[in-house]
Amino acid sequence: MPAERCFSLKQARRLALAAQGFGGRPPPASIKAARLNQQIERLGLLQIDSVNALVRAHYLPLFSRLGSYPQQLLDQAAWSQGRQRTLFEYWGHEASLLPMSMYPLMRWRMQRARQGQGIYSQLARFGQEQRVTIRRVLAAVEEQGALGAGSLSTREQRAGPWWDWSNEKHALEWLFAAGEVTVAGRRGFERLYDLPERVIPSAILGQPLLDEAQAQRRLLVQGATALGVATEKDLRDYFRFEPGDSRARLAELLESGELLACEVQGWRQTAYCLPEVKVPRKVEASALLSPFDSLIWERSRTERLFDFRYRLEIYTPRHKRIYGYYVLPFLHNESIVARVDLRAERAQGRLAVHAVHEEEPGLDEQGIQALAVQLQQMADWLGLAQIQLNCQRDGARRLRQVLR
């Protein structure tokens, strides 16, 4: 299919950054729940991850876009009761927090999980062989309300990490994937499961069931909205579609005119965008990015957009790491200009900067100043009184001078 629009790489970057919520009007000094929810609606989801070297992954993307905001606002949106709750947990892009309005768009995925199809095939065998356990666990949730896996386990030895789940934990995860239970809240980082009708508003649960194709098309449009301009693989990855589904739905969206084919300078693959997309004249933004930020989580896209190769080295043996354990890319204006290895040392009340790696051609004075501001804002946001620079590179030396 011939491209209907052509973008330079610089234009594609600006489209992506603006779509992801960077470079817009400055956030107010005091962030309210409405602004936070507006940002999440724009992104479509926040990925959840258990790593707490700095702060849990789902908190960081909002800080990168809004600056210092009360973390309890996100807790309230994700796990409170009543009208203040605007998010639910499900498998979006990995484990995710999604706007409550998107719950109907995920029910086809729940149906597939019940049938053991697609990405849930690993749970299917458990679902077939452990029906008695699943029924017992569901009955306990029905009777007792929100429960964690630990309170249901019948094994004599305590369950280990995620690869050593008890049968009850497997049952709860099967029920969660199938939509028979949902996450009511968290105790620490442990999920508490309850029936959907006790968590999801009745107006949402009562909506007519969408067929798979309709729901998938809407999710792909949401992905295109959040990405600005994207290849089929980029769109597929955003909500973790299977290739056959994304390609079929993409063809339908092109036929209806809801998406347009386009070209991006240097990209071998055809790209896609919304018909009304407008390229900003420039994007001014500085931000430290979570490894799980939707701007950069598809690593090949990050390379195409920013000429920036990024890999998380948490699971790399220490002596084989290149940049560090928990490294945040630093976005400055329209480029990713550095990598910063950060740790929140809460007992000592400090933000530790273990390494600053500059990308070519290096950080100019404005970039150093912007990074210093971001580090100070992050320390303040996390309630850490001190920033400790443990890096001896030139960039860290210059940064130390600015921070003083």
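## Helix exercises

Just after helix H14, Gly-383 takes a positive phi of about 70°. This is a predicted model, where local features need pLDDT of at least 70, side-chain atom pairs count only at pLDDT 80 or more, and totals for chains, interfaces and linings use all residues. Residues are numbered from 1 along each chain as its sequence is written, and side-chain values use heavy atoms, with hydrogens and water left out.

**Exercise 1.** Work out how far H14 reaches and what caps its N-terminal end.

- Step 1: H14 covers residues 365-381, which is 17 residues.
- Step 2: From first C-alpha to last, H14 reaches 24 Å, close to the 24 Å expected at 1.5 Å a residue (1.5 Å times one less than the number of residues).
- Step 3: Now the cap: a side-chain oxygen of Asp-364 lies 3.2 Å from the backbone nitrogen of Gln-366.
- Step 4: Look for buried residues (under 20% relative accessible area, 1.4 Å probe, protein chains only); in H14 they include Ile-368, Leu-371 and Trp-381.

**Exercise 2.** Find how H10 and H12 cross, and which residues make the contact.

- Step 1: Take H10 (residues 212-227) and H12 (residues 243-256); their axes come within 9 Å and cross at roughly 80°.
- Step 2: So H10 is roughly perpendicular to H12 (65 to 115 degrees).
- Step 3: Contact (heavy atoms within 4.5 Å) involves, among others, Ala-213 and Leu-220 of H10 and Asp-245 and Leu-253 of H12.
- Step 4: Sort by class and you get five nonpolar, two polar and four charged residues (Ala, Val, Leu, Ile, Met, Phe, Trp, Tyr, Cys and Pro count as nonpolar, Asp, Glu, Lys and Arg as charged, the others, Gly among them, as polar).

Notes:
Axes fitted to C-alpha atoms, helices over the stretch in contact; angles between N-to-C directions. Helix = DSSP H or I, 4+ residues; strand = E, 2+ residues; numbered from the N terminus. Parallel < 35°, antiparallel > 145°, perpendicular 65-115°, else oblique. Buried < 20%, exposed > 50% of the residue type's maximum accessible area, 1.4 Å probe, protein only. Polar contact = N/O pair within 3.5 Å; in protein donor to acceptor, adjacent residues only side chain to side chain.
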